[in-house]
Amino acid sequence: MALVGELAVSESAIAVSGLTRRFGTTTALASVSVSMPRGAVYGLVGANGAGKTTLIKHILGLLRAERGSVRVFGLDPVVDPVAVLSRIGYLSEENDLPGWMRVHELLRYTRAFYAGWDEAYAEELRQQFALDRSATIKNLSKGQKARAGLLIALAHRPELLVLDEPSSGLDPIVRRDILGAVIRTIADEGRTVLFSSHLLDEVEQVADHVIMIHQGTIVLSAPLNDLKESHRVDGRIPSLEEIFVAHVGIPAASASEE
Amino acid sequence: MILATIKLLIPGPSLTFNMDSAERFGVVVMGPLTATFTYFLAVFSFGLSGDLAARQSMYPARMFTLPVTTAALAGWPMLYGSAAMVILWLATRLFAVWPSGVDVPLMWPALLAAALLAWTQALTWMPYALPGLRVIVTVLWLAVIDSVALVAVQYKAPEPVMLAGLAPQVPLAFLVARYAVGRARRGDVPDWRGPFVRRRVADAPDRRDRFPSPGRAQAWFEWRRHGRSLPAWVGLLLPFELSLLFITGNTPALVFVILLGVLLTPPVMATFAAATVPRSNPAVGDSYGLTPFIATRPLTSAALIAATLKATIWSTVAAWMLVLGAIPLALRWSGTWSVVVEQMRQAAVHIGTPRVVVIVLLIVSGFIAATWKQLVQSLYIGLTGRAWLIKGSVFLTLTFLFLLGPIVQFIIDHRDVQGALWDALPSILALLVCVKMSAAAWIAARLYRSRLLSDRTLISGAACWCVAVLALYGLLAWFLSTPFFPRYVLALVAILAIPLARLSAAPLALAWNRHR
């Protein structure tokens, strides 16, 4: 894993160095260091409880680094939340959109925060996701809520898109929408996507670079193609699931259920 | 237990509370009884976490999936609530008998409280066809029950008659509640808004302009989420209070006591509304913590606080528009307008019309300021997002409320204590000012070091506070021009009255919550 130097900080979308976090006696992150240059899709994989969400919360500034440092676009997200968050689109695992809002109110409210809000793109996404403008958020299905969350995460064309277990518990059609959004986002030059999931086949479809996290430590961080090449067995390229098992010892899905 | 402690330990066995009249007893118990009754109404109807104005039931949807019958879902909160109300009254009555010796009814007030709570639960859990209909229906129905009870009291109905009238209320309310929860559980929410409303929303690209700034958008969010609670609760209580004007006749003292109660309603209700203001999403598990949706808004913590403060101002203004609109109407319709006018005329004869006008304006302004202060002064606790801190603070506040009445009565009854307190008043005020200014200095240093507020904002805030203190001091010096109050005491009072430390701590609390 590369050390984070001054040059890397300035060129990286995300630079985490020596990050440690404890919750009581549990160590959620143990001296995690990772650098994510701009313009790629990063798949953050690991079982439930591995530390994916904790790492993402540090990147968003929702958790303060107890030890180590976190820089997003070279800035500390806790010290300068406006400069960081205005460049990030975030879809949360726990869909916490305000249930009392209507879809059109959500759009009107959200666009006030982003100078780069693209009205036409927002409307295009709304129609594509079949979201009724007058629908109340709490009356939407889980998949529709995820689509609404994705819409507001994408419509300001963020430099960094952070998706925390976005397809957890969703049907294949919604998962397809999410993956499609990831692909569209990277199509824009210089955009970066951080995509956390324990569904490794999804990550395999879109990620350029895979970061495996297990029990609060990063066990592997490499470009997906390099990873596959380096794990080639008898000429056969293994799946990401097989690579995960080789490093963690158990499949991601079964680890998630533990 | 608290009262027993005061009685036995603090004054000692030789000193007694002298509350041998119903009026004194009423003064002592009114505060804690009203506060606890209102708190029970809000808690047992799930009013602290629901939206009064919404069409959907206020019963928490997460409980619909519990493997119990609808009757159990409706029945248990009603049972607990009724029991709490009965215990509240019995404790109050115990206090009336010991140590006061005042004779008050045993059961019917407890049943009335239980009935009011049961109907509040039933009617707030009912899904409605129109937004806001819940408030109207609940207010009207509770006003009917309250009025009937008051008329019975007016005609000195004996306790068995009162009991006979009130006893069926709780079972009847239970039947309505079971029906309401059943409908809510099935997702049966009628809609009378008409298809044209939905079509208009769907077709129009955006009926209103964009928000001019992120701060305005956030203020709108806070208003929609929390701002309507206070006006709704005040609107709920006003009809009961003002209906008393219809049975007081033309007794000036009673009319003014009722008006005082009405004026006190917004500040008192603001205490409860304040509990909901810092909660970002009561529907999620950690309802005290900031949800990621809010925490990831690209706004500074100071801007988030500013939006909350704006919404509390709008909330205060809305609540007071209701009060100031309803009072003249109620005075007119009840025929007590002339009583108030006559009292004002007499006051004008003694102290002059301009002074009467200024006094009335000052009283109303003071109540309005107190309402806003109640809404914001506990933000520094609520915004921390720590349940233990918030619940501990509520417990301490309720304990303080319970202690306040007996302590005040004890002071009133003992002239030597009054004398000692009067002599020590400047020292007490000076000590409080020292505590306040020390806390403010510490908070300012933390704000400066954490860069949560810019230097300009810090200096502007301090300057505004100084101006407010000077203005209040000038007002007090003009109004209380008497040798009984030295000028420096007025200055200390002005410093203590204008919020500083707790309000300044709100950004720190939010940052502690937002960046855990």
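Start with the lining of the second largest pocket, whose residues divide into 31 nonpolar, six polar and one charged (Ala, Val, Leu, Ile, Met, Phe, Trp, Tyr, Cys and Pro count as nonpolar, Asp, Glu, Lys and Arg as charged, the others, Gly among them, as polar). The model is predicted, and local features need pLDDT of at least 70, side-chain atom pairs pLDDT 80 or more, while totals for chains, interfaces and linings use all residues. Residues are numbered from 1 along each chain as its sequence is written, chains are lettered from A, and side-chain values use heavy atoms, without hydrogens and water.

Select B:Trp465, B:Ile498, B:Pro499, B:Leu500 and B:Leu503: of the 38 lining residues, these lie nearest the pocket centre. A pocket here is an open set of points on a 1 Å grid over the protein atoms alone, where a 1.4 Å probe fits, with protein on both sides within 12 Å along at least five of seven lines; lining residues have an atom within 4 Å of a point. The space amounts to about 1200 Å³, a volume being what probe spheres set on the points fill, with points joined across faces, edges and corners.

Next, colour H19(B), which gives the largest share of this lining, 13 residues (helices are DSSP runs of H or I, at least four residues, numbered from the N terminus).

Now turn to the contact between the chains, which takes 36 residues from chain B and 38 residues from chain A (heavy atoms within 4.5 Å). About 3400 Å² is buried there, 58% of it from carbon and sulfur atoms; buried area is the accessible area (1.4 Å probe) lost on putting two parts together, summed over both. On the chain B side, pick B:Phe293, B:Pro298 and B:His515, which lose the most area to chain A, together 19% of what that side buries.

Finish at A:Glu105 and B:Arg224, a salt bridge with its closest N and O atoms 2.7 Å apart (side-chain nitrogen of Lys or Arg within 4 Å of a carboxyl oxygen of Asp or Glu). Two salt bridges are found across this interface.

Technical notes: Helix = DSSP H or I, 4+ residues; strand = E, 2+ residues; numbered from the N terminus.
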